[in-house]
Amino acid sequence: SNGRINSQSVYNLVSNIPPGKVATYGQLASSLGNSRGARGIGKILNKNPRPIIVPCHRVVCSDGHIGGYMYGKERKISLLLNEGIPIVNDLIIDFEKYRTLG
């Protein structure tokens, strides 16, 4: 379906992504029953009121690129590197190895 995505349900899902793992915007949208909602997920995460509790830096693009971040891409990259995720030129190396949520 293409229903409206509830912000709280997005934050709840993202809160469950463990350190050292990533999920994609599209995965989150599909998990919430809206396979076309990836862009909406990005908008919701840009308004994330609790970036530590809701680790939106762990949400990336489906091709393994880092994607945007409310505090800037450099910060997102450094957070992910600190969690052991290898990144070169904004791209996660061995992307499949670090994906979670199916």
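A polar contact is a pair of N or O atoms within 3.5 Å; inside a protein, one atom must be able to donate a hydrogen and the other to accept it. Keep that idea at hand as you look at this structure, which is a predicted model.

**A buried lysine and its partners**

Let us start with K76, which sits in helix α4. Is K76 buried or exposed? K76 has a relative accessibility of 0%, so K76 counts as buried. Its side chain has polar partners in the backbone. A polar atom of the K76 side chain lies 2.7 Å from the backbone oxygen of V59, and a polar atom of that side chain lies 2.8 Å from the backbone oxygen of G68. Leaving out residues up to four places away in sequence, K76 touches Y25, C56, H57, V59, V60, I66, G67, G68 and Y69. For a sense of distance in the fold, the C-alpha atoms of K76 and L45 are separated by 13 Å, and these two residues are 31 residues apart along the chain.

Two of the residues on that contact list, H57 and G67, deserve a visit of their own.

H57 is found in the loop between α3 and β2. With a relative accessibility of 7%, H57 is counted as buried. Its side chain and that of E83 are joined by a polar contact of 2.9 Å. Beyond its neighbours within four places in sequence, H57 is in contact with Y69, K76, L79, L80 and E83.

G67 belongs to the loop between β2 (59-60) and α4 (73-82). Its relative accessible area is 13%, and since buried means under 20%, G67 is buried. Setting aside neighbours within four places in sequence, G67 is in contact with C61, K73 and K76. G67 and G42 are 25 residues apart along the chain, and their C-alpha atoms are separated by 9.2 Å.

**Two helices that cross**

Now turn to another part of the model. Two packed helices are described by the angle between their axes and the distance between the axes. Helix α1 (residues 7-15) packs with helix α3 (residues 38-46) at an angle of about 85°, and their axes are 10 Å apart. Angles from 65 to 115 degrees count as roughly perpendicular, and α1 and α3 are therefore roughly perpendicular to each other. Which residues make the contact? From α1 they are S7, V10, Y11 and V14, and from α3 they are I41, I44 and L45. Sorted by class, this contact of α1 with α3 has 6 nonpolar residues, 1 polar residue and no charged residues.

In soluble globular proteins, nonpolar side chains tend to be buried together. In this model, the largest nonpolar core has 18 residues, and those touching the most other members are I5, V10, V14, L28, I41, L45 and V59. Elements that give two or more residues to this core are α1, α2 (25-31) and α3. Helix α1 provides the largest share, 4 residues.

Most residues other than glycine have a negative phi, and most peptide bonds are trans.

| Residue | Phi | Location |
|---|---|---|
| D94 | about 55° | loop between β4 and α5 (95-98) |

D90 has a relative accessible area of 24%, so D90 is partly exposed.

I93 is also found in the loop between β4 and α5. Apart from neighbours within four places in sequence, I93 is in contact with P86, I87, V88 and Y98. The C-alpha atoms of I93 and G64 are separated by 7.8 Å, with the two residues 29 residues apart along the chain.

Terms used
Residues are numbered from 1 along each chain as its sequence is written. This is a predicted model: local features need pLDDT of at least 70, side-chain atom pairs count only at pLDDT 80 or more; totals for chains, interfaces and linings use all residues. Side-chain values use heavy atoms; hydrogens and water are left out. Axes are lines fitted to C-alpha atoms, for helices over the stretch in contact, and angles run from 0 to 180 degrees between N-to-C directions. Angles under 35 degrees count as roughly parallel, over 145 as roughly antiparallel, 65 to 115 as roughly perpendicular and the rest as oblique. Contact means heavy atoms within 4.5 Å. Ala, Val, Leu, Ile, Met, Phe, Trp, Tyr, Cys and Pro count as nonpolar, Asp, Glu, Lys and Arg as charged, and the others, Gly among them, as polar. Buried means under 20% relative accessible area, exposed over 50%, partly exposed in between (1.4 Å probe, protein chains only). A nonpolar core is a set of buried Ala, Val, Leu, Ile, Met, Phe, Trp, Tyr and Cys residues joined through side-chain atoms within 4.5 Å.
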